[in-house]
Amino acid sequence: MADSSVHLLDFHLLSGSLRSVVQKTSIGHAVLYLSLASIASIILPRIYSAYFGPLSKIPGPKLAALTNGWMLWHLWHFEKCAVIHEQFKKYGPIVRVGPNNVALNTTEDMKTVYAVGAKFPKSSFYDSWSFNGSPNVFSMRDQKAHADRRKVSSKIMSRNALVTYLPEINQHLRDFVRVCGKRAGTTVDFVTQFRFLALDVVGSAAFGKSFNLMRNETEHPFVHDLDACIAAVPPRGYFPTWVWWLITKIPTKDWQFALGGEKRICEYSGDIVDEQEERMKKNGGEMVKEDANTLVGKMINYRDENGAALPRSAIDGEIGIIFFAGTDTTSNTLAFMSYELARHKQHQDKLYEELKERMPVKGAVPDLVDAEAWPFLNAVIKETLRLYAVAPSQLERDVPKGGTHLHGKYIPEGTIVGVQNYSIHRKAEAFPDPETFKPERWFNETEDMRRHFMPFGLGSRICLGQNIAMLEMRLTIATLIRSFELTLPADHNPADVALKDFWLAFPASRKVELVCVPREE
Ligand code: HEM
């Protein structure tokens with residue numbers, strides 16, 4: 001009783017003094033106090049979380065614990081994965097890299113966060129990859145909905161299904177070699193060449209419709225739409241919604257073009273769907289046989305457990321994301337691989353010897369089954385995927401309900417956690433002399449190497465296109481190196497090819513310029 005009367009008294013005193021403050025306050029002061037109060041309501045919780053909250057026990061740069069600005073700054077400078085890697089060296093395998101973000105760096109963490117059955121869904125960063133406003137197989141966060149959607153495309157992307165498209169893919173490769181031959185002796189940007197090739201291959205392998213950029217030796221506006229999408233999609237996932245809204249208002253022509261990339265990719269994808277539907281109509285409402293086994297056909301024919309079809313916007317978005325995820329990933333990997341072969345003549349010579357023995361005809365495309373077994377070819381590909389995994393930074397996930405314990409520390413639910421393959425792939429205990437490109441290390445592949453290798457991610461969200469990517473990389477590098485020697489141009493500057501990352505890894509100058517010299521026999 002005594003207590004509550006004291007509180008009542010306190011309240012009257014407080015409200016009385018507040019009233020007198022308000023009565024004496026001018027509008028200017030009121031605005032000032034309100035602004036200070038708003039700023040305090042943002043800053044104080046941040047200070048509390050940085051110094052006293054559950055994540056405060058996790059080491060890391062204090063600025064990162066206080067603001068996402070730390071991470072955004074490094075992202076903006078295309079150095080996110082390299083900077084997080086430095087933090088691991090300084091602080092150990094668990095580092096706080098944002099007010100609500102923890103980076104992890106052990107194989108145990110890989111299992112906890114990504115293993116099949118792990119209950120850590122993708123973080124809200126992935127919402128940004130939903131095209132046409134519809135979640136797709138890449139962006140979906142609901143685990144059950146994702147498993148259902150993934151079933152639609154996983155058969156199409158299986159190795160056995162892809163073999164059906166080999167004759168068409170082989171034609172793209174022969175066209176690629178012909179284009180290289182025409183440009184022999186001159187400096188060629190291989191980022192662009194591999195990109196055109198990757199678009200042709202994805203078109204054939206997933207949609208039954210290729211751009212034929214190699215055959216026609218032309219560009220397609222779609223290529224610029226991909227560039228636009230890459231500039232806009234990852235940052236959209238990192239900025240708070242209101243900051244992103246402001247950013248979208250920047251009125252420069254290039255930026256506005258970049259913002260429209262997603263829409264144009266979906267429109268192009270929509271044209272492919274229209275064409276299939278048109279063929280279906282002409283075929284009396286029945287899907288023609290060749291279309292039924294493409295990703296587009298599967299999407300059109302899909303029915304959920306209630307018999308409902310996918311909305312058209314979702315189909316277009318799903319196709320758009322496959323183009324997006326399936327092009328620059330493989331082409332940038334191939335560009336880095338060619339660069340490593342050009343600058344390490346001893347590795348390129350060894351690869352050439354292997355290929356010459358197994359591919360009697362120069363310019364021909366090897367048999368896929370054979371190429372899958374060629375030791376040095378596969379070692380070169382693995383070593384490139386190790387050093388230049390093209391999604392190199394944290395694959396972000398949310399800590400599920402109830403929180404979790406990692407490295408003896410409690411991590412509350414809703415915290416973003418993630419392992420980055422850039423760091424896992426550079427663990428000296430699995431890969432001695434980790435910064436050096438050494439394909440031979442894969443001849444004695446140990447259990448430890450296998451456990452530390454995740455270029456395509458892991459678990460139920462592992463890359464859906466890894467079979468296409470591996471097929472394309474094997475056939476392309478074998479065909480290219482059998483026919484040409486790759487060399488560095490006289491004015492080569494290694495800084496131009498340094499790995500940068502904006503979620504997707506790319507060479508600093510966005511080019512890998514090499515000279516291809518036809519092989520004499
Ligand atoms: C060397 C080439 C490639 C690399 C290194 C790569 C890497 C990755 C990684 C690391 C993920 C997991 C992302 C995460 O967990 O957050 C992923 C997912 C995915 N990738 Fe790839 N990728 C490559 C090529 C491709 C290709 C060629 C396609 C399609 C044709 C593709 C389609 C996808 C899709 C659809 C997903 C989402 C899978 C899901 O969440 O179920 N990727 N990729």
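A residue is called buried when its relative accessible area is under 20%, exposed when over 50%, and partly exposed in between, using a 1.4 Å probe on protein chains only. Keep that scale in mind for the tour. What you have open is a predicted model, in which local features need pLDDT of at least 70 and side-chain atom pairs count only at pLDDT 80 or more, while totals for chains, interfaces and linings use all residues. Residues are numbered from 1 along each chain as its sequence is written, and side-chain values use heavy atoms, with hydrogens and water left out.

**Stop 1: Asp398**

Select Asp398 to begin. With a relative accessible area of 15%, Asp398 is buried. Asp398 belongs to strand 4, residues 397–398; helices (H or I, at least four residues) and strands (E, at least two) are DSSP runs, numbered from the N terminus.

**Stop 2: the ligand**

Next, select the ligand. The ligand sits in the largest cavity. A cavity is a set of points, on a 1 Å grid over the protein atoms alone, where a 1.4 Å probe fits but cannot get out, and a molecule sits in one if more than half of its atoms lie within 2 Å of its grid points.

Zoom in on the side chain of Tyr126, where an N or O atom is 2.4 Å from a ligand oxygen. Arg150 brings a polar side-chain atom to 2.7 Å from an oxygen atom of the ligand, and for Arg397 the distance from a side-chain N or O atom to a ligand oxygen is 2.7 Å.

**Stop 3: salt bridges**

Side chains of opposite charge can pair when their charged atoms come close. Here a salt bridge is a side-chain nitrogen of Lys or Arg within 4 Å of a carboxyl oxygen of Asp or Glu, and the count comes to 34.

Start with Lys263 and Glu267, whose closest N and O atoms are 3.2 Å apart in a salt bridge. The two are four residues apart in helix 15 (residues 261–282), so about one helical turn separates them. Lys263 is exposed at 55% relative accessibility, whereas Glu267 is partly exposed at 41%.

Move along to Asp274, which forms a salt bridge with Arg312, with 3.0 Å between the closest N and O atoms. Because Asp274 lies in helix 15 and Arg312 in helix 18, this pair ties together parts 38 residues apart in sequence. Asp274 is partly exposed at 38%, and Arg312 is partly exposed at 30%.

Finally, pick Glu383 and Arg441, a salt bridge with its closest N and O atoms 3.0 Å apart. Glu383 is in helix 21 (residues 375–387) and Arg441 in the loop between helix 22 (421–424) and helix 23 (447–451), so parts 58 residues apart in sequence are tied together. Both Glu383 and Arg441 are buried.

Conventions: Polar contact = N/O pair within 3.5 Å; in protein donor to acceptor, adjacent residues only side chain to side chain. 1 Å grid on protein atoms, 1.4 Å probe; cavity = no way out; pocket = protein on both sides within 12 Å on 5 of 7 lines; lining within 4 Å.
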